[in-house]
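Here is a protein to walk through step by step. Keep the sequence and the 3D view side by side as you read.

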Amino acid sequence: MGQIHFEVPSSAQSLFDQTRWSEAYICGIEGIPWQCQVKYQAPRLTISRAIHSSGKLHLVCPVGDLGPRTLSTCSLRESQEPYSLFVELARGCCYRAQNQADIWRRAGLTLDKQFDQLVRQGVQRFLDSVRDRDRKGSPPEAALEAIEFFERAIDRLGESYTTQSIAFRKRQEPRIGTMVAASVLPPGPTSETSRDAFKQTFNAAMVRLNWGDIENDHGRYDFDAAKQSIDWCIGSGLRVVGGPLIDFRTRLMPHWLYVLEDNFETLLTAIIQFAEQTVKQLKGKVHLWNCASGLNTQGPIRLDDEQAMRIAVGILQTVRRLDPGTPAIMSFDQPFGEYLSRERNGISPLHFADALARSGLGMAGLGLDLRYHYRDDHTDPRSVVDFSLMLDRWSTLGLPLMVHLGVPGGSGIDPNATAPSDTNLPGETGTDGGTQQSEIAVPLLKTLLAKHCVHAIVWDGWSDAEPHVNSHSGLLDVGGKPRPVLSFLQQLRQDYLC
């Protein structure tokens, strides 16, 4: 078994305890995590894998007042001698900041003096940390300061990229054709105030067609609420994304599914029948079908690679056969693939998507589902530069992207969430969740708008005052009061969108 060891200085124990060290993982050159076993016995952190190969450590770590984010080392070979954890993380930050800046500069990006100053400060403190590395018991202050300088530089780099890329797109397209939507659970949105705000903000809507809501009893379908939402969207001039038809999460699947879990063929037949009924009922009203989400992750029923692929192909074939004139996409949960480090038989999201893209089934695009700052089924927090590079990696499959983004704007119990999960917002208890939501989401939304490969942006949840999927994800809070991200999206539509 291949192992890479890291030494944690005793003086950094309190900081190390704040990291998510138990979820640390190693990935290779493709950026896809290997399944890892993580062990910490002070002062040594050991990451074990079945493969003997060099790789990069990824670890969610607090970075000053920037909050938690995923840091990575440079590629490290196996060694019995431990690496200094924070020195190697600082080295990785240095590499990411300078390497990506060089790539984008060569492509025409202009960087400001503040970026260069932060990098210089980071390099100096990193050199100090390397000099102090071999002094036994040496505190890691220099490495930690280097990490913070580099991460701030990376944030400046990301901001420069998004600002200049959006300005370039605006020169090429006076009104950008990106579809921007929010997801709603039928029959929402319901109140007139909510509907007016929705129409002012979005040029499209994703109407969730949860299998568990529509086929609550096996063989009995109820599309009334879905039709109500879709009819309102069409009457309001909004384009409609229908789906996902299957969202492979426990609380979004039918409660009677357990009777089929030992018979895959019967399960597949039930899924195809639901897809057939849905397309027949809503054909002509939906502008884009989102066929399924989360088949790449482990849901309520354990599927192997072949079974997941058969479900995906079956739904796609059904939708394309019954409604060949409407584009159909497939969505993939947690596109960075962090879950692979914890699952022996996990399916790589990028490889799964690549196989479907090559299948010749006429898939029109790829959906990426990202939920930040939740405790379950979440995407680890990352810089906007890492987020941008992930989008670029997915764009190499040659299909347009639809990104489904969720960030909580509160904490605690959410009585209207159908798939509730504890939130994990950074900062002190009692901090305004709406402000934190905005600080996290706005840079990500700007990055999405900057990307030509992103044809649709969907905010995961419209209003916490109405039934919705994820806890506290709404742009309106439980009292119907707008959160700050709503104002940003309204301004974005006014300034840029068709």
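Domain bounds here come from an automatic or database domain assignment. The model itself is predicted. That assignment divides the protein into domain 1 (2-168) and domain 2 (176-497). Taken over C-alpha atoms, the centres of the two domains are 31 Å apart. Domain 1 brings 28 residues to the contact, and domain 2 brings 30 residues.

How much area do domain 1 and domain 2 bury between them? The value is about 2400 Å². Carbon and sulfur atoms account for 58% of it. On the domain 1 side, R20, Q35 and I166 lose the most area to domain 2. Together they make up 24% of what that side buries.

Now look at the links across this interface. Two salt bridges are found between domain 1 and domain 2. R20 also forms a salt bridge with D380, where the closest N and O atoms lie 3.6 Å apart. Five residue pairs are in polar contact across the interface.

Which elements supply the domain 1 side? Strand 6 (68-72), helix 2 (85-106) and helix 4 (141-172) each give at least two residues. Helix 4 gives the most, with ten residues. By type, the residues on this side are 13 nonpolar, eight polar and seven charged.

Next, turn to some strands. Strand 9 (residues 204-207) pairs with strand 10 (residues 239-242) in the parallel sense, over four bridges. Within this pairing, A205 has V240 as its bridge partner. Strand 10 also runs parallel to strand 12 (residues 288-290), joined by two bridges. There, G242 stands opposite W289.

Note on methods
Residues numbered from 1 in each chain as written. Predicted model: local features only at pLDDT ≥ 70, side-chain atom pairs only at ≥ 80, totals over all residues. Heavy atoms only, no water. Pairing = 2+ DSSP bridges. Contact = heavy atoms within 4.5 Å. Buried area = accessible area lost by both parts, 1.4 Å probe. Salt bridge = Lys/Arg side-chain N within 4 Å of Asp/Glu carboxyl O. Polar contact = N/O pair within 3.5 Å; in protein donor to acceptor, adjacent residues only side chain to side chain. Nonpolar A, V, L, I, M, F, W, Y, C, P; charged D, E, K, R; others polar.
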